[in-house]
Each structure stands twice: as structure tokens, then as C-alpha cells.
Amino acid sequence: MAEARIDKWMWAVRIFKTRTIAAEACKKGRVSMNGSQIKPSRMIKPGDIIQVRKPPVTYSFKVLQAIEKRVGAKLVPEMMENVTTPDQYELLEMSKISGFVDRARGTGRPTKKDRRSLDEFTTPEFMDEFDFDFDFDE
């Protein structure tokens, strides 16, 4: 029976863009099999189910063929089966609807909306109504 390293397999079936990123995900504990975290060197075989955590979703994949050489995108369905539950995809949709997923608050340059709300916050309200014409003739 064919076996393959988990990091090579995840790269070969295009779960991760590079093998380094796949190995890093294993080291950070984002990849698990049967509920336990696994190392990048762990050997997998057909029939294994692997969970990959890419916040906010935990994807599940069933190994159909253990390969270590990268294949064309059209051949990927023969190598693995996506068995991710629908509720995980609902989480993804909810996070997309809720707003900024990519940019953490307070990092980078403020958006136009952020800047306008800042301007509104820092401009005193009484400045518009205040009359600067003083009468010094008294």
C-alpha cells in the first residue's frame, strides 16, 4: 500500500501553496488526524481523514491516493475527497458577511470610512454653533 508524507501530500493536492507552508501548519498544530495533531513527517495512507484548520474554518479531507509529486488541478479529485461539513462553510459565509476578514483592526492605513469617522469624532460639536463676533464696545 502506498504511503506519503503529510506535508508533501498536502502540497501535492494543492491544500497549501508550498511544502514549507504545509510543514509550518503541521508544526503550529493546525493539521490533525483522528483528533490528534501530527508532525510534517507523518506517513498517511488511503482512507485516512485529515483535518486542516484555516481559521475560521476546519476543512476535512479523505485521502484517496497517497502521492508526493504535484499533480494537475484536474487530477486532484482522484487523489482526495473533500468531506468538510456544511456548517463549516456556513462559518466561512458568516465571517465574509461580518466585514473585514483580512485586515486586523488598527493595522495599516485607515480606510476612507475610518478617516471620516475619526474626523467626525475629533471635530468638536460646538465649533459650528459658536459665534466668534465679540462685542468690545461696552
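Two strands pair if DSSP finds at least two bridges between them. In this predicted model, strand β5 (residues 49–54) meets that rule with strand β6, in the antiparallel sense and over six bridges. A hairpin of two residues joins β5 to β6. Within this pairing, I49 stands opposite K62 of β6.

Strand β6 spans residues 57–63. It also pairs with strand β7 (residues 80–82). That pairing is antiparallel too, over three bridges. Strand β6 is mostly covered, with five of its seven residues buried.

Aromatic rings were examined next. A pair of aromatic rings is described by the distance of the centres and the angle of the planes. Two aromatic pairs were found. Y59 and F61 form one of them, and it is stacked. Their centres lie 6.3 Å apart, with 15° between the planes. Y59 has a relative accessibility of 19% and therefore counts as buried, the cut-off being under 20%. F61, at 7%, counts as buried as well.

Y59 also pairs with Y89. The ring centres are 6.2 Å apart and the planes stand at 65°, so this pair is edge-to-face. Y59 lies in β6 and Y89 in helix α4 (residues 86–97), so the contact ties together parts that are 30 residues apart in sequence. Y89 is partly exposed, with a relative accessible area of 32%.

The charged end of K54 sits over the ring of F16, 4.7 Å from its centre.

Technical notes
Residues are numbered from 1 along each chain as its sequence is written. This is a predicted model: local features need pLDDT of at least 70, side-chain atom pairs count only at pLDDT 80 or more; totals for chains, interfaces and linings use all residues. Side-chain values use heavy atoms; hydrogens and water are left out. Buried means under 20% relative accessible area, exposed over 50%, partly exposed in between (1.4 Å probe, protein chains only). Helices (H or I, at least four residues) and strands (E, at least two) are DSSP runs, numbered from the N terminus. Rings of Phe, Tyr and Trp (its six-membered ring) pair if their centres lie within 6.5 Å; planes under 30 degrees apart count as stacked, over 60 as edge-to-face and the rest as tilted. A charge sits over a ring if NZ of Lys or CZ of Arg is within 6 Å of the ring centre and within 35 degrees of the ring normal.
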